[in-house]
Amino acid sequence: MTRGFLIAPYVLIFWLCNPPNLFSQSVLIATDVGELNRLIQPHLPHSLPDESPPTDKFNVSISLHQEGTPVVFSIPGFHSLGCKKCHQGESLHLKAAERMRRVLAKLKKIQPELTEIPLRQYIIQSWSDKLLAPNQLAHTTFDTIRISPAAILIDSKAYQDATHLHESIHLTQKFIGLANELEAYSLNIISDPRFLLLNFPYFEDTIKTFFIEDFSEMLNSFYARPIREQLFVPKETQWFLAPFNKDQLTHLRQAINMIAPLLNKVSRLNRNYPKELAYLSEQTGNPALLLEIVAAKQFPIPDSGVSEETRRRAFSFFDLQMNNKDNIRLGYKINRKKEAFLFIQNQLRIKDPVIHLRLYFEYLKKSFMKSDGKINMQSTKGEDFNSYVLSKIKGVRKMIRYKGMSKIEREAARKWIKKILFLDQAKKNP
């Protein structure tokens, strides 16, 4: 259902009252990248003929909780792909089960409202296909987490289970779309501010406008540090592990603590309006849209300093772009916010990106927020929205036919389709 963590989010009072110790020894001791590379190299994805998944599997059913339904821990191709030469399959499953117990306990502590996290299957997948792309560390489908061996190593040696935490929250989300990633990455930045830099497109404009004016300089500094291109360790992981300015990380932590209530609001809204927010995010081509709308409502927007006529014309450009439905109708991937900025720069001769953002947040507050504080979802009514929802259902039906999908995933996917169709019909005939 999601594109996974290369890159799932509740941020509650627990984190505000008990923020992680950013500079604890476990965080500051950098894993040796060369050693991590040595571990990853023999675990690179296999190439499979005709994308046919292995027919042999090493499965073990393990209950993660005393009264819980057993989870199927599976290693397809354990024998045929040579995993057995170096590993004891049952030992891998027991370690995975203990890891998931730890992660799910953390997730429920952050968000007690998550009474059910529908994990039925955990697949260690040592090849790439349509369900786990070559550049993905992990992917959540239906009641299932698929994770590569390399991702398990990276999560253990570098990310401190962040990938598993990210994928676990995806299990609980009700629809498909960009708002899910925003919600999941919110969880990650709370746990470690370096994820704010790694996943900046979801947070950058809100952070720059309201908290850290020189955030772009921080990003430039973070990504300017050298990496070793010849290694198999992903460049994102190398940047994550490289030494970074402690004062800047502290500054990021302070900003994250201030933005935490907004992230909590993002999570609640995504639970209440999953289809609508997925639609708005995809229509505007902006994965950060929901957070930016909430920020526009919550914080005083710095004065843009432009005339009323200039503001009116700028808003007209935003209207033109933000209401454009070609992303939905034609499948484009255009960020309409950035398109509007180009018009403002070229037509209004405003080159300062700071002014662009201030005008943008003014526009969001005027256009998307009602007087009662609720988001204006007017554009999610009508034929375009209905067609969008049906297109997602069609995509899932196509996925069900993919030969690499497991029985558990197919059953859960069909159940998801029935639920979406039932809720839509119930809304039409209350």
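Mentor: Start with Asn 327, whose side chain comes to 2.8 Å from the backbone oxygen of Ile 334. Keep in mind that this is a predicted model.

Trainee: Which other backbone oxygen does the side chain of Asn 327 reach?

Mentor: That of Gln 283, at 3.0 Å.

Trainee: Where is Asn 327 found, and is it buried or exposed?

Mentor: Asn 327 is in helix α16, residues 326-329. Its relative accessible area is 1%, so Asn 327 is buried.

Trainee: What is Asn 327 in contact with, leaving aside neighbours within four places in sequence?

Mentor: Glu 282, Gln 283, Thr 284, Gly 285, Tyr 332, Lys 333, Ile 334 and Arg 336.

Trainee: Changing topic. How many residues does the largest nonpolar core have?

Mentor: That core has 106 residues, and Phe 203, Phe 318 and Leu 364 have the most contacts inside it. Helix α12, residues 246-272, gives the most to this core, with 10 residues.

Trainee: And what does a second, separate core include?

Mentor: The second core has 20 residues, among them Tyr 279, Tyr 402, Met 405 and Trp 416.

Trainee: Back to Phe 318. What does it touch, not counting residues up to four places away?

Mentor: Phe 318 touches Asn 323, Ala 340, Phe 341, Ile 344, His 356, Leu 359, Tyr 360 and Tyr 363.

Trainee: How far does α18 reach from first C-alpha to last?

Mentor: α18 has 16 residues and reaches 22 Å, close to the 22 Å expected at 1.5 Å a residue. At its start, a side-chain oxygen of Asp 352 comes to within 2.9 Å of the backbone nitrogen of Val 354.

Trainee: Now the rings. How many aromatic pairs does a search of the whole structure find?

Mentor: 26 aromatic pairs. Take Phe 315 and Tyr 363: their ring centres are 5.7 Å apart and their planes are at 70°, so this pair is edge-to-face.

Trainee: Which helices are those two in?

Mentor: Phe 315 is in α15 (residues 308-322) and Tyr 363 is in α18 (residues 353-368), so the pair links parts of the chain that are distant, 48 residues apart. Phe 315 has 10% relative accessibility and counts as buried, and Tyr 363, at 2%, is buried too.

Trainee: What about Tyr 360 and Phe 361?

Mentor: They form an edge-to-face pair, with 5.4 Å centre to centre and 70° between the planes. Both are buried.

Trainee: Which residues form one aromatic cluster?

Mentor: Phe 210, Phe 211, Phe 299, Phe 315, Phe 318, Phe 341, Tyr 360, Phe 361 and Tyr 363.

Trainee: Where does Phe 299 lie? And why does it count as buried?

Mentor: Phe 299 lies in the loop between α14 and α15. Its relative accessible area is 18%, and buried means under 20%, so Phe 299 counts as buried. Beyond four places in sequence, Phe 299 touches Phe 210, Phe 211, Met 258 and Leu 262.

Trainee: Last one. Which charged end sits over the ring of Phe 222?

Mentor: That of Arg 225, 4.3 Å from the ring centre. Arg 194 lies over the face of Phe 240, at 4.0 Å from the ring centre.

Note on methods:
Residues are numbered from 1 along each chain as its sequence is written. This is a predicted model: local features need pLDDT of at least 70, side-chain atom pairs count only at pLDDT 80 or more; totals for chains, interfaces and linings use all residues. Side-chain values use heavy atoms; hydrogens and water are left out. A nonpolar core is a set of buried Ala, Val, Leu, Ile, Met, Phe, Trp, Tyr and Cys residues joined through side-chain atoms within 4.5 Å. Buried means under 20% relative accessible area, exposed over 50%, partly exposed in between (1.4 Å probe, protein chains only). Helices (H or I, at least four residues) and strands (E, at least two) are DSSP runs, numbered from the N terminus. Contact means heavy atoms within 4.5 Å. Rings of Phe, Tyr and Trp (its six-membered ring) pair if their centres lie within 6.5 Å; planes under 30 degrees apart count as stacked, over 60 as edge-to-face and the rest as tilted. A charge sits over a ring if NZ of Lys or CZ of Arg is within 6 Å of the ring centre and within 35 degrees of the ring normal. A polar contact is a pair of N or O atoms within 3.5 Å; within protein, one must be able to donate a hydrogen and the other to accept it, and residues adjacent in sequence count only if both atoms are side-chain atoms. The expected span of a helix is 1.5 Å times one less than its number of residues.
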